[in-house]
Amino acid sequence: QVQLVESGGGLVQPGGSLRLSCAASGRTLFSYAMAWFRQAPGKEREFVATISWSGGSTSYADSVKGRFTISRDNAKNTVYLQMNSLKPEDTAVYYCNRGSSRSAGNYDYWGQGTQVTVSS
């Protein structure tokens with residue numbers, strides 16, 4: 001069974017940047033699409049971005065389009081989320097998962113996530 005570990009979160013000022021990482025162990029991610037989700041306090045978990053197994057196709061939520069970039073390094077079994085021009089409303093716990101569905105309910109397993117806080 002694959003285990004996913006998210007990292008790279010932290011406190012950043014509005015307009016700043018962060019790069020999140022999602023490392024997998026136990027099984028390769030090479031042949032799987034990957035997705036990032038986030039959950040803000042008191043809100044449901046929402047889709048952020050997804051990337052195909054090859055990295056050739058990406059898709060984003062409208063709220064992050066043009067500011068966030070999802071990428072992957074299959075040799076390192078790692079997926080990234082580069083977040084630029086961060087806003088306070090981006091504050092959330094960020095999770096990665098294996099798959100391409102935009103619906104959080106379609107995933108059975110979640111890692112611990114990484115906290116991103118955007119505040120001055």
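**Strand pairing and burial in a predicted model**

Modeller: R38 stands opposite Y94 in β9. The model is predicted, so local features need pLDDT of at least 70 and side-chain atom pairs count only at pLDDT 80 or more, whereas totals for chains, interfaces and linings use all residues. Residues are numbered from 1 along each chain as its sequence is written, and side-chain values use heavy atoms, without hydrogens or water.

Colleague: What makes β4 and β9 a pair?

Modeller: Two strands (DSSP runs of E, at least two residues, numbered from the N terminus) pair if DSSP finds at least two bridges between them. β4 and β9 (residues 92-98) have six bridges, in the antiparallel sense, and therefore meet that criterion.

Colleague: Which strand forms a hairpin with β4?

Modeller: That strand is β5, with six residues between the two. β4 (residues 34-39) and β5 (residues 46-51) are antiparallel over five bridges; among the bridge partners, A35 has T50 and W36 has A49.

Colleague: Why do β2 and β6 count as edges of the sheet?

Modeller: The open sheet runs β2-β10-β9-β4-β5-β6, with mixed pairing. β2 (10-12) and β6 (58-60) each have a single partner strand, so one side of each lacks a neighbour in the sheet.

Colleague: Why is M83 called buried?

Modeller: Buried means under 20% relative accessible area, exposed over 50%, and partly exposed in between (1.4 Å probe, protein chains only). M83 stands at 0% and therefore counts as buried. M83 lies in strand β8 (residues 78-83).

Colleague: What makes β4 mostly covered?

Modeller: Five of the six residues in β4 are buried.

Definitions and conventions. Helices (H or I, at least four residues) and strands (E, at least two) are DSSP runs, numbered from the N terminus.
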